[in-house]
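Reader: I am new to this structure. Could you walk me through the ligand site, please?

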Amino acid sequence: MTSDDIDRRHRFAQDCAREAGTIARRYFRSCEAPSSIEKGRHDPVTRADLEIDRFLIDQLAGAFPADGILTEETGGVPARHLWVIDPIDGTLNFARGIAHFAVSIAFCIDGRTESGIVYDPISDEIFTARRGHGAFCNGRPIRVRTTQGPWDAIVDAGYSSRHPAADYVRLVHGLLAQGYAFVQNGSAAMGLAALACGRIDGFCELSLKSWDVLAGLLLVEEAGGWTGGFPHGPGLLEDHEVLACTPAIRQSLRDLLLESSPLRGKTPLPSVQSVIQKS
Ligand code: LIP
């Protein structure tokens with residue numbers, strides 16, 4: 001696939017994300033929004049998730065019929081050329097009328113994310129990154145903050161009911177003990193976008209899916225931040241620990257996550273380099 005082919009997909013995905021955002025806005029805080037089904041504890045799916053999921057699959061499959069597609073609501077199988085989509089990341093916020101959710105679209109080639117789009121339909125901010133070409137918000141270049149240390153840093157520590165609460169409590173305790181300010185805003189894609197544009201300093205969660213984070217992780221990397229990556233191949237279908245932050249607090253957050261994770265000390269987080277080499 002040529003660079004022009006990737007560019008075409010990168011531009012097309014931005015148009016799709018904006019249209020998907022129009023659907024989300026139509027449902028948001030409307031009487032239709034509460035019609036949600038619980039997939040798990042604090043893990044709903046709404047009519048809007050399903051409609052956007054279908055819309056994005058139709059658009060992308062129509063424009064690029066040979067590409068594979070993996071989405072939160074429909075699933076899919078890993079492929080060489082693969083779209084990884086979360087129609088609404090932060091569905092619990094969306095379903096409760098909290099304006100903090102996003103459409104997330106990533107395009108990957110041979111296990112490497114090449115394009116990432118995170119669209120916030122409420123603020124009308126579109127965060128975009130193309131590997132090797134930088135990260136942008138509404139077309140303007142973005143960079144991560146220059147963090148001085150924990151006392152100067154805000155970390156979004158996402159919580160998933162799929163993971164033992166005790167590990168999460170240990171993680172939050174560790175963050176506070178080291179002097180970090182901590183938030184839990186309920187959308188991994190939005191957390192990573194906020195990190196990429198310098199609003200916060202770190203994002204971590206003990207258990208996340210590829211569709212929640214692939215686009216956001218590329219935003220952070222292209223904005224000068226550090227990420228622990230995300231396994232591709234069959235790993236795209238599983239839950240994994242995710243960490244991304246500004247370079248200054250990388251070691252401190254890696255240590256905290258190791259102390260909190262159930263495999264404490266046994267499986268060090270991979271470096272970005274090793275993740276890229278493996279894929
Ligand atoms: C959700 C997130 C949220 C995270 C949950 C969940 P969904 O995704 O991004 O931040 O804490 O584990 O996966 O279900 O709203 O797309």
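**The ligand and its surroundings**

Author: A polar backbone atom of Ser187 lies 3.2 Å from an oxygen atom of the ligand, a polar contact being a pair of N or O atoms within 3.5 Å. This is a predicted model, in which local features need pLDDT of at least 70, side-chain atom pairs count only at pLDDT 80 or more, and totals for chains, interfaces and linings use all residues. Residues are numbered from 1 along each chain as its sequence is written, and side-chain values use heavy atoms, with hydrogens and water left out.

Reader: Which side chain has an N or O atom 3.2 Å from an oxygen atom of the ligand?

Author: That is the side chain of Asp212. The protein buries 91% of the 380 Å² that the ligand exposes when taken alone (Shrake-Rupley method, 1.4 Å probe).

Reader: How many residues surround the ligand?

Author: There are 16, and the closest are Asp86, Asp89, Gly90, Thr91 and Glu205; a residue counts if one of its heavy atoms lies within 4 Å.

Reader: Which element gives the most to that shell?

Author: Strand S4 does, with 3 residues (strands are DSSP runs of E, at least two residues; helices are runs of H or I, at least four).

Reader: Changing topic, where does Arg29 lie?

Author: Arg29 is in the loop between helix H1 (3–27) and strand S1 (36–40). Its phi is positive, near 60°, whereas most residues other than glycine have a negative phi.

Reader: Is Arg29 buried or exposed?

Author: Arg29 is exposed, at 59% relative accessible area (buried is under 20%, exposed over 50%, partly exposed in between; 1.4 Å probe, protein chains only).

Methods. A polar contact is a pair of N or O atoms within 3.5 Å; within protein, one must be able to donate a hydrogen and the other to accept it, and residues adjacent in sequence count only if both atoms are side-chain atoms.
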